[in-house]
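Biologist: Could you walk me through this model, starting with what I need to know before we look at its surface?

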Amino acid sequence: MSSHHHTHAAHGQGHGHAPHSHHEHGCCDGAAIAALPSPAPGGGLLLRIPSMDCPTEEGQIRRALEGFAAVRRLHFDLPARALTVDAPPSAWDAVTAAIAKAGFKTETLSTPPAAEDTARARRGELLRLLAALGVAAGAELLHFLAPEGLPWQAAGMAVAAVAIALSGLAVFGKGLSSLARGQLNINALMSVAVIGAFVIGQWPEAAMVMALYSLAELIEARSVERARNAITGLLALSPEQAEVRQPDGRWARVAAKTVTVGAIVRVKPGERFALDGRVTAGQGAVDQSPVTGESIPVDKAPGDTVFAGTINQSGALEFEVTRPASDTVLAGIIHAVEAAQGQRAPTQRLVDRFAAVYTPAVFVLALAVAIGTPLLLGWPWLTGIYKALVLLVIACPCALVISTPVTVVSGLAAAARQGILIKGGVHLEQARRLKVLALDKTGTLTEGRPRLVAQRVLATGLDEARVLQLAHSLAARSDHPVSQAIAAGLPADTLPVEDFGADLGRGVHGRIDGQDLVLGNHRWIHERGQCSPELEALMQTHEAQGRTVSLLAGVGRVLALFAVADTTRATSREAVAQLQALGVHPVMLTGDNPSTAQAMARQVGIADVQAELLPQGKQQAVTAWRARGPVGMVGDGVNDAPSLAAAAVGFSMGAAGTDTAKEAADVLIMNDDLRKLPQTIRLSQRTYAVLWQNIVLALGLKAVFFALAVFGSATMWMAVFADMGASLLVVFNGLRLLRDARR
């Protein structure tokens, strides 16, 4: 697949990551994926490359510039045939020379091509190809209906030549230049086949093959574009304008990219958020599914975070912008997936290596048929040559080479739509092989913040509501997480506190209505001599379950007991059960004490627990489990980074919040739903299955038509349909992953 019909997202194909090779034998390579809009001119060298319109050429140019340390990033816009090179002006001459050496003419531009011009050129291309198809059909009719004789034959050949010129000049240009450089790619295959057919008198077929091939290329490229645009579609989620409060207090709509951090933005019900921020006024439900994959709207109130691209469903909200438009969580998703598409999956590398050998082998085989069958089997020379040319058309490795990138990109895009960010095809393929999954406890299996889980008034003869009010009043004054959890869990009815103070490592004290009170831990109550055997036993039952106990005490007695604990996430138990059903062995790794860890593990259904681990200990545990097969690690914080890096696949939780674990992880779960882990493994299994279906489909169809071509009666017509049919089949099969994601 090669010719000038590869179309991509109109707003450009940025990559900007380390150059990765695209093999020239191939056709559309899924690694060349639509990304962010073109960078503004002035930031680098802007070139128009007339013969660059497909990832085959993009790959050649990337390879030509691979050795340049000065080139920071390459930004391809294939529909516009433009390339932005981010490099200092001193390197520009060397860059253009290297591109010219690879066989491409360049023109320097001052501004990027307009989207309307690109769209107009695309429409012109489609009309030209339809005209070529009509002219080729005319050549076929002349061949069948015209009487014998040289004038009619000459007229037929002229009509066929016009059809070939309309549809295939670009293919010839590229084919001949790659042959001149000693490279055998799809353009070379097609050029040889069409010229050969014309020379041996099969001119109507030569015309039809070229017109059909070019048209099918265009259809196929449009289909591939759907996979490429799945990510770019995310970009359209954030509105281009935001309603911002001006210094004089009025509201004005301005471009989202000009809004600065700290500005106050208003979003009405039904509108999308243009930027990330923190709610300052209003309450409402927000549909976060585009970013986190959560199906149920999330209630937002002042202090809560909101993300660009999410939809405000009810109630007007005002929020303070926390990140510029270029750095929103949504922009991060697009960058991450864009980077992921630059990394080639193992199956993709395997297919590329195979195709690199396959194309020259086909040339040799065709040559053997052209020369060998007349000499050894006594076939007429024209028959042998014709069959060899049919073989060349059938053998085009298009379907094979395109099958893997399209599938991998569809898998990555399907995951992104579900709030799972996978940083490369290699991790998407690896996830299905996991045998052990190590899970951090705090913040991963649990909520990561303490909650009041039990309370008991111990003083007899006192009003229960009054005791709880005293405890709430003291706890509300402290900023300690345990006190905060108690205050949050009790009815919010505060009394004034005098002489308030905190005793480090013990608790807080104060006077309410003339009564001296403390809200303290086990040790402090023990030091005050207020512990009874019954109270000790009661505290021990809570402590055995991994809870932190606080006691409210007056001068003479203990008034109430409060137990605070980190609670497991609602989805943890279900996620663990799903992992076990997939044959993955879950293990809990935590720095917490063994009794708390065991209690938590029992709640979620995990049998293997390793407690009191430092970050290095977690890393060693991950390494030790490798004996059982590939190990995954799920963590959420800085302390999990070493073990995330040591695992075959590292999953980071809460990627919408933390930046630290993001770097070390291979997969980011955008909301904290652990059920996304088994979902990732199932998607990996499905992607792998579709990859191999495509490889078998592409090679199987070729094998059938190979046999027909040599021993049966396959014509060039059948050959081009077989080749393009196989390509379209594998493209649509790969796109199925995207459809599954929508469901």
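Modeller: Let me begin with a term: a nonpolar patch is made of residues with over 30% relative accessible area and no salt bridge, whose nonpolar side chains are joined within 5 Å. Please also keep in mind that this is a predicted model.

Biologist: Okay, which residues form a nonpolar patch on the surface here?

Modeller: The patch consists of Leu367, Ile371, Leu375, Leu376, Leu377 and Trp381, and together these residues have about 710 Å² of accessible area. Helix α9 gives the most to the patch, with five residues.

Biologist: Take Leu375, is that one buried or exposed?

Modeller: Leu375, which is found in helix α9, is exposed, because its relative accessible area is 60% and the cut-off for exposed is over 50%.

Biologist: Let's zoom out. How many helices and strands are in the protein chain?

Modeller: The protein chain has 24 helices and 27 strands. Of its 743 residues, 53% count as buried, and the chain exposes about 30100 Å², with carbon and sulfur atoms supplying 59% of that area. If you take the contacts between residues at least 6 apart in sequence, 70% of them join residues at least 24 apart.

Biologist: And the inside? Which residues have the most contacts inside the largest nonpolar core?

Modeller: Those are Tyr213, Val390, Leu392 and Met716, in a core that has 51 residues. Several elements give two or more residues to this core, including α3 (115-145), α6 (203-235), α9 (346-377) and α24 (716-742), and the largest share, 10 residues, comes from α6. There is also a second, separate core of 35 residues, which includes Leu412, Val609, Leu674 and Leu691. As general background, nonpolar side chains tend to be buried together in soluble globular proteins.

Biologist: Can you show me a helix with a buried side? What about α18, which of its residues are buried?

Modeller: In helix α18, which spans residues 572-581, the buried residues are Ser572, Ala575, Val576 and Leu579. Seen down the axis of α18, these buried residues fall within an arc of 100°, so they line one face of the helix.

Biologist: Switching topic, where is Ala82, and what does it touch?

Modeller: Ala82 lies in strand β4, residues 82-86, and it counts as buried because its relative accessibility is 3%. Leaving aside residues up to four places away in sequence, Ala82 touches Leu47, Arg48, Met52, His75, Phe76, Asp77 and Pro113. Arg48 is 34 residues from Ala82 in sequence, yet their C-alpha atoms are 4.5 Å apart in space.

Biologist: Now charges. How many salt bridges does a search of the whole structure find?

Modeller: The search finds 17 salt bridges. One of them joins Glu125 to Arg128, with the closest N and O atoms 3.9 Å apart. Those two residues are three apart in helix α3, so they are separated by about one helical turn. Glu125 counts as buried at 8% relative accessibility, whereas Arg128, at 29%, counts as partly exposed.

Biologist: Which distant parts of the chain does a pair like Glu271 and Arg253 link?

Modeller: The side chains of Glu271 and Arg253 meet in a salt bridge at 3.0 Å, N to O. Glu271 sits in the loop between β8 (264-267) and β9 (277-281), while Arg253 is in strand β7, and the two are 18 residues apart. Glu271 is partly exposed at 23% relative accessibility, and Arg253 is partly exposed at 43%.

Biologist: What about Arg506 and Glu527, how do their side chains meet?

Modeller: They meet in a salt bridge of 2.8 Å, N to O. This pair also links distant parts of the chain, with Arg506 in the loop between β18 (498-503) and β19 (507-512) and Glu527 in helix α16, 21 residues apart. Arg506 is partly exposed at 30%, and Glu527 is partly exposed at 45%.

Biologist: Last one: which residues are linked in a network of salt bridges?

Modeller: That network links Glu498, Asp499, Arg511 and Asp516.

Key. Residues numbered from 1 in each chain as written. Predicted model: local features only at pLDDT ≥ 70, side-chain atom pairs only at ≥ 80, totals over all residues. Heavy atoms only, no water. Helix = DSSP H or I, 4+ residues; strand = E, 2+ residues; numbered from the N terminus. Buried < 20%, exposed > 50% of the residue type's maximum accessible area, 1.4 Å probe, protein only. Contact = heavy atoms within 4.5 Å. Areas by Shrake-Rupley, 256 points an atom, 1.4 Å probe, with all protein chains shown as cover. Core = buried A, V, L, I, M, F, W, Y, C linked by side-chain atoms within 4.5 Å. Patch = residues over 30% accessible without salt bridge, like charges linked within 9 Å, V, L, I, M, F, W, Y side chains within 5 Å. Salt bridge = Lys/Arg side-chain N within 4 Å of Asp/Glu carboxyl O. Arc of directions from axis to C-beta.
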